[in-house]
Amino acid sequence: MQNRVKENYAISGSFVFFLIGVPQAAAVIMNFQSLVIGDAGQDAWISIILAGLSLHLIIWMVYKMLGNPAKDVIDIHRSIFGKFLGNAVSLLLVGYYFLMALFYFRAYIEIVQVWVFPTFRTWALAGILIGMIYYVVSGGFRIVTGFSFFYMALIPMLALLYLPFRQGNFHYLLPVLNHSFIELLEGSRSSCFIFFGLEALLIYFPFLKLPEKSVKWAHFSILFTTIKYLLLMMITLMYFSQGLLKHTLWPTLAMSKIIELSFIARFEYIYIFMWLMIIIPTVCIPIWCCTRIMKRVAALKPRLSLPLVLAALFIVALSFKERTQIDALDKFINELGFYFIFAYIPLLFIIASVAFKLKSNVK
Amino acid sequence: MLQNLHQALKESIKSNDFLQTTLHVKDKRIHLTYYKSLINHEQLHHDLLSYIQISNCEINHLHEIKTLIPLEGTMVSSNLQEIVQSLTHGSIFLQLDPHLNEGLIVNIADPQLGHRDHNDTENEYSVIGPKVGFVENIDTNMTLLRRGLVSEKLIYEEIIVGSLSKTRIVIAYLEGIANHQHVNTARQRLSDLDFDVVFETSLLEQLITDNSNSPFPLFLSSERLDRIMYALINGEIAIICDGSPSIITGPTSLFSFLISPEDYYLPWIMGSFFRLIRYFGIAFSILATSIYVATLTFHYTVIPRDLLGPIIESRTNVPFPPLLEVLFLEITVELLREAGSRLPTKVSQTLGIVGGIILGQAAVAAGLTSNILLIIVSLSALASFTTPIFKISNTIRFLRFPLIVLASLWGGFGIMLGLMFILGHLLRLKSLGSPYIVPLFPFRSNSYSDSFIRSSFSYLSNRFFTTRPRSTKRYSVQKNKDIGDDYNNE
């Protein structure tokens, strides 16, 4: 294999838990509820379970397709579509990962501007964050992984949402299952954006040591995310009435407002600042994927491609000014990511396994 | 070299402490050349000259003197370069005939000359435990280590560094335990080094460090014998430098700077408790003042209503923004510390009292700072001194200032940004090629029995993978036989 990753650049396979988990805890954790309840109402939590379960299948497909020997999606493209067309398809992925990075990046900037510093200029905030991202990504994949590892330190902070849970009304969850199965599936579809981020696995897969043994960590990660969002969804449904929830843009932050300890109040500030620790690796992973694809396909050195990608991110992020524009971006990304995960990956899996069968038959 | 060696030496060295004398023994004359300031005069008379004088046999040749003298390290040489070299190291040069181009080099240097012979580990004090510290003399230090680790596995490798100082540097490690990769890295970096005078291991550390643009120390330096021994048995390597009372060890991790030898001498519950207090101290010391600036500048709503009252009250007379207020006090504390460490102990104690108490009270009374800030600043100064290693406490005090400035610019977001930058920097750092923040990343679950807490010795029987040792077993755990599991005392 020409792209065999050197031993000292590879990471332990269990870190896939954090690499998958970190984008799934990013800015969407603040506002996913109001987007999810549209179709399934108070049964939205069942939709989240369904979405989570279906993703285990996707993880299985990815590991089956890429494992043994470990290769990335670029190799798959090459072997299916031939060298030229395959590279072209891989380059399209750069666009996809770039949009993903943009989605997380712009969402966090918006939160900071809406909740903390309304007068903070977008270019200044974006510039600071991009400097930080450059510092992390230029350290290589190990540094990005290390960064994503530390997000676990923040997860206990979600336990403070027990306080709004105590204010919750259990009856808001009733009646259970009064939506049709189709409506539940629709709900799953609109909630699948909380699981975005596992697609990057297609690129960093060869960096994992012993991937076939670490597959359980990928599943644990999905399971963990499902449980996390399930609990959060239930707390939110109990805390807000559905009518109010539909008009609340950031329900998690709104709930955290009521948390008060003897020395600290207004927890939404703490959440927003601490979430920087999650946003940085979340943006770094897709950005790193962009540079990796460019290096593999176009032989462009990361030293060149990273500033290019970050400059593009900066300029594109500035072009979103209004809430409606960001909303449109979110909707577009939700559609794009949904089709990427539930259409593109299974399709690629089927084509790849057929092609592999054919090849082995010819031999 | 056709010139007379005796003459050549005289011409090449013009120093006043350089002597060339002639001694009459029976009918022979012996010409001596040496540095008066370097040799051991007692040894010269007692071990060298007396043996030559009392001998009965005729001295005709240098080799006869060589057999007469009961000293090791003698050799016959005719190479001017070599002779000058050994003279500057404290040897004496003997010639029977100044016209012959050869002579005998006898090493009678006095390594103890000008050195103190004991060190009470005043800079790394611990209440319990041995107070043996290293001194400036490398041979004494090597002896101390050798006596502590009675094993043939302890290997010393000597390298000479420094074009002017010709300092002896020794790499010490335990064969079969230390990873060869680390030894090779250290050896290579030391032998590639070109420098004029190596004063100290801390200076050496900066020359062989993995990243010289970092506020974090990448080697642990200590003057305590027990600490260096502990590092060695855990598979680290130590670098000893002649003329320096501290020894550096590597590869080290950030967390080993927070370990005090006392943690192991106290019961594990106490040891863990004190260690956790140190961690808290560091977090407090780095963050307290910047959080004060951030909350009072931007996020006063974060403070609950009941707490807001006292804070506003204490700040009513202060005319400055929180940033200036904090910088004023922080710089005062830094000045006190800097002045205290440059003055004799007794003066600095007085200064601490005058500066600390009177200045602080006066500043509050004059309305320059608030009471609450005074408490926070002095607590965080105090907390920064809880670290067992001096170098890391410097780092912590330094890191405060960028965080304060960031907090005044962007509030909590700025603090978080600064912390993220520090985290990114820590993730990138390496010590002797090994990651700096193990066991956090890369995650080494077996090392957690001795990182944030110090567990009981029955869980510490294996070496940690953090230094990638070649053998992991330290000792086998045995339960004392008289402690039964029978709760009924039967």
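Between chain B and chain A the count of salt bridges is 0, a salt bridge being a side-chain nitrogen of Lys or Arg within 4 Å of a carboxyl oxygen of Asp or Glu. Before I go on: this is a predicted model, where local features need pLDDT of at least 70, side-chain atom pairs count only at pLDDT 80 or more, and totals for chains, interfaces and linings use all residues. Residues are numbered from 1 along each chain as its sequence is written, chains are lettered from A and ligands numbered from 1 in the order in which they are written, and side-chain values use heavy atoms, with hydrogens and water left out.

Back to the interface. The rule finds 4 residue pairs in polar contact across it, both residues at pLDDT 80 or more. A polar contact is a pair of N or O atoms within 3.5 Å; within protein, one must be able to donate a hydrogen and the other to accept it, and residues adjacent in sequence count only if both atoms are side-chain atoms. On the side of chain B that touches chain A, helix 15 (residues 390-428) gives the largest share, 13 residues. Helices (H or I, at least four residues) and strands (E, at least two) are DSSP runs, numbered from the N terminus. That side of chain B divides into 17 nonpolar, 6 polar and 1 charged residues. Here Ala, Val, Leu, Ile, Met, Phe, Trp, Tyr, Cys and Pro count as nonpolar, Asp, Glu, Lys and Arg as charged, and the others, Gly among them, as polar.

How much area is buried between chain B and chain A? About 2700 Å², with 81% given by carbon and sulfur atoms; buried area is the accessible area (1.4 Å probe) that two parts lose on being put together, summed over both. B:Phe413, B:Arg428 and B:Phe441 supply 27% of what chain B buries against chain A, more than any other three residues. The peptide bond from B:Phe441 to B:Pro442 is cis, with omega near -5 degrees. B:Pro442 sits in the segment after strand 12 (434-435) of chain B.

Helix 15 of chain B also holds B:Leu399, which counts as buried at 7% relative accessibility. Buried means under 20% relative accessible area, exposed over 50%, partly exposed in between (1.4 Å probe, protein chains only). Leaving aside neighbours within four places in sequence, B:Leu399 is in contact (heavy atoms within 4.5 Å) with B:Pro215, B:Phe216, B:Ile286 and B:Ile422.

Now the salt bridges. Over all chains, the search of the whole structure finds 23. One of them joins the side chains of B:Glu205 and B:Lys391 at 2.5 Å, N to O. This pair links helix 7 and helix 15 of chain B, 186 residues apart.

In chain A, the side chains of A:Glu335 and A:Arg189 meet in a salt bridge of 2.8 Å, N to O. A:Glu335 is in helix 17 (residues 323-362) and A:Arg189 in helix 9, 146 residues apart. A:Glu335 is partly exposed at 37%, and A:Arg189 is partly exposed at 29%.

Last, some backbone in chain A. A cis peptide bond joins A:Leu174 and A:Pro175, with omega about -10 degrees. A:Leu210 is not a glycine, but has a positive phi of about 45 degrees. A:Leu210 is exposed, with a relative accessible area of 53%.
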